[in-house]
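This briefing sets out the main features of the fold shown below, grouped by topic.

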Amino acid sequence: MDFKARMGKLGNRSRVALAVAVAVVAATAWGVPTVTGSIPAPHQNAAHGRDATADGHSGQDGAQGNGGGTQQGGVPDGIAHASEAGGNAVNITIDDGPDPVWTPKVLDVLKRYGVKATFCMIGPQAKAHPDLVKQVVAGGHRLCDHTVDHDTSMDKKPVAYQEKEILDAKKMIEEAAGGGANVLYYRAPGGSFTPDSRRIAAANGMRPLGWNVDSKDFTRPGTAAIVDTVKKEIGNGPTVLFHDGGGDRQQTVDALGQVLGWLKEQGRLTGFPVQTTP
């Protein structure tokens, strides 16, 4: 008996059970385990950021995002994607550093093309390499909090844990910067935002930051594949995700130069993600 016929003989409860099983398998296929230590876990398939208990909006507009409001100090807690430069401008964001080998090379590429980027730093990495944090700031780039442990399952953890991950990392990054540089954004590992984590970030002056284009550079698919992914997905929105930490990032360095050259040929400006409501 073929699959369709067998399905026809299943009762309602059996169909529900089968659907649940299929959903579990699919979720497992997309899931990413928590990784701590020198190589953070890769980002999940969460291009617009996911919110564990939010209303399901993607936050694509970049202004209010997942039904978010505005916290004290004027920083909204909705997940940002839009660019301050408006129009068809592109935001370059760099995650998981700073790294003593790759961050300087990424900075060199950005300088070559006159592009400013947002660096989403892991707290202990910033603490270990304050000279690199200072170089990022001196280059006119912006800082983003990417938590202490890069725990992609932190959306399932208690609020107190989320708060500590966010605020401890913010303190480490600011201290490494040497004063005078504010951490303006918060990016949840793997896009694992929650209403609480967004609220905590906004209350401390950090706009939750999503992304629209995952370059997939973390998996090291080859320079050409990274460039091709960005070109194919740039229509999804302005914020592009690259990495300067978590392992060998030579492909990222090479691909970033090619992407920035292509954007220049296309007449696309680059800018920073919106930090407050436009």
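A residue counts as buried when its relative accessible area is under 20%, as exposed when that area is over 50%, and as partly exposed in between. By this rule Gln135, with a relative accessible area of 40%, is partly exposed. The model is predicted. The protein has 278 residues, of which buried residues make up 49%, and its secondary structure comprises nine helices and 10 strands.

**Overall organisation**

- Of the contacts between residues at least 6 apart in sequence, 74% join residues at least 24 apart.
- Gln135 belongs to helix 5, which covers residues 130-138. Gln135 and Ala177 are separated by 42 residues in sequence, yet their C-alpha atoms are 8.7 Å apart in space.
- Asp77 is placed in the loop between strand 1 (50-51) and strand 2, and this residue is buried, with a relative accessible area of 8%. From Asp77 to Pro195 the separation is 118 residues in sequence and 8.1 Å in space, C-alpha to C-alpha.

- In soluble globular proteins, nonpolar side chains tend to be buried together.
- The largest nonpolar core contains 44 residues, and Ile92, Leu110, Phe119, Leu143 and Phe242 have the most contacts inside it. Helix 9 (residues 250-265) supplies the largest share of this core, namely seven residues.
- A second, separate core consists of five residues, among them Cys120, Cys144, Leu209 and Phe272.
- Beyond its neighbours within four places in sequence, Leu110 is in contact with Ile92, Val115, Ala117, Phe119, His141, Leu256 and Leu260.

**Packing of helix 3 against helix 9**

- Two packed helices are described by the angle between their axes and the distance between the axes.
- For helix 3 (residues 102-113) and helix 9, the angle is about 10° and the axes are 10 Å apart. Angles under 35 degrees count as roughly parallel, and helix 3 and helix 9 are therefore roughly parallel to each other.
- On the helix 3 side, the contact is formed by Trp102, Lys105, Val106, Val109, Leu110 and Tyr113; on the helix 9 side, by Gln250, Val253, Leu256, Gly257, Leu260 and Gly261.
- The residues of this contact comprise eight nonpolar, three polar and one charged.
- An α-helix has 3.6 residues a turn, so residues three or four places apart point the same way.

**Thr118 in strand 3**

- Thr118 is part of strand 3, residues 118-121. Thr118 is buried, and its relative accessible area is 0%.
- Apart from neighbours within four places in sequence, Thr118 contacts Ile92, Thr93, Ile94, Arg142, Cys144, Tyr185, Leu209, Phe272 and Pro273.
- Ile92 is among the contacts of Thr118 and also among those of Leu110.

**Backbone features in loops**

- The loop between strand 2 and helix 3 holds Asp96. Although Asp96 is not a glycine, its phi is positive, at about 80°. Asp96 is buried, with a relative accessible area of 2%.
- Pro98 is located in the loop between strand 2 (90-95) and helix 3. The peptide bond leading from Gly97 to Pro98 is cis, and its omega is near 5°.
- Lys216, in the loop between strand 8 (213-214) and helix 8 (223-233), is another non-glycine residue with a positive phi, here of about 60°. Lys216 is partly exposed, with a relative accessible area of 36%.

- Helix 7 spans residues 195-203, and its buried residues are Ser197, Arg198, Ile200, Ala201 and Ala202.
- A polar atom of the Gln275 side chain lies 3.0 Å from the backbone oxygen of Gly205.
- Gln275 is in the segment after strand 10 (270-271), and at 13% relative accessibility this residue counts as buried.
- Setting aside neighbours within four places in sequence, Gln275 is in contact with Val75, Pro76, Glu84, Leu184, Tyr185, Gly205, Met206 and Arg207.
- Tyr185 is one of the contacts of Gln275 and is likewise one of the contacts of Thr118.

Key. Residues numbered from 1 in each chain as written. Predicted model: local features only at pLDDT ≥ 70, side-chain atom pairs only at ≥ 80, totals over all residues. Heavy atoms only, no water. Core = buried A, V, L, I, M, F, W, Y, C linked by side-chain atoms within 4.5 Å. Buried < 20%, exposed > 50% of the residue type's maximum accessible area, 1.4 Å probe, protein only. Helix = DSSP H or I, 4+ residues; strand = E, 2+ residues; numbered from the N terminus. Contact = heavy atoms within 4.5 Å. Axes fitted to C-alpha atoms, helices over the stretch in contact; angles between N-to-C directions. Parallel < 35°, antiparallel > 145°, perpendicular 65-115°, else oblique. Nonpolar A, V, L, I, M, F, W, Y, C, P; charged D, E, K, R; others polar. Polar contact = N/O pair within 3.5 Å; in protein donor to acceptor, adjacent residues only side chain to side chain.
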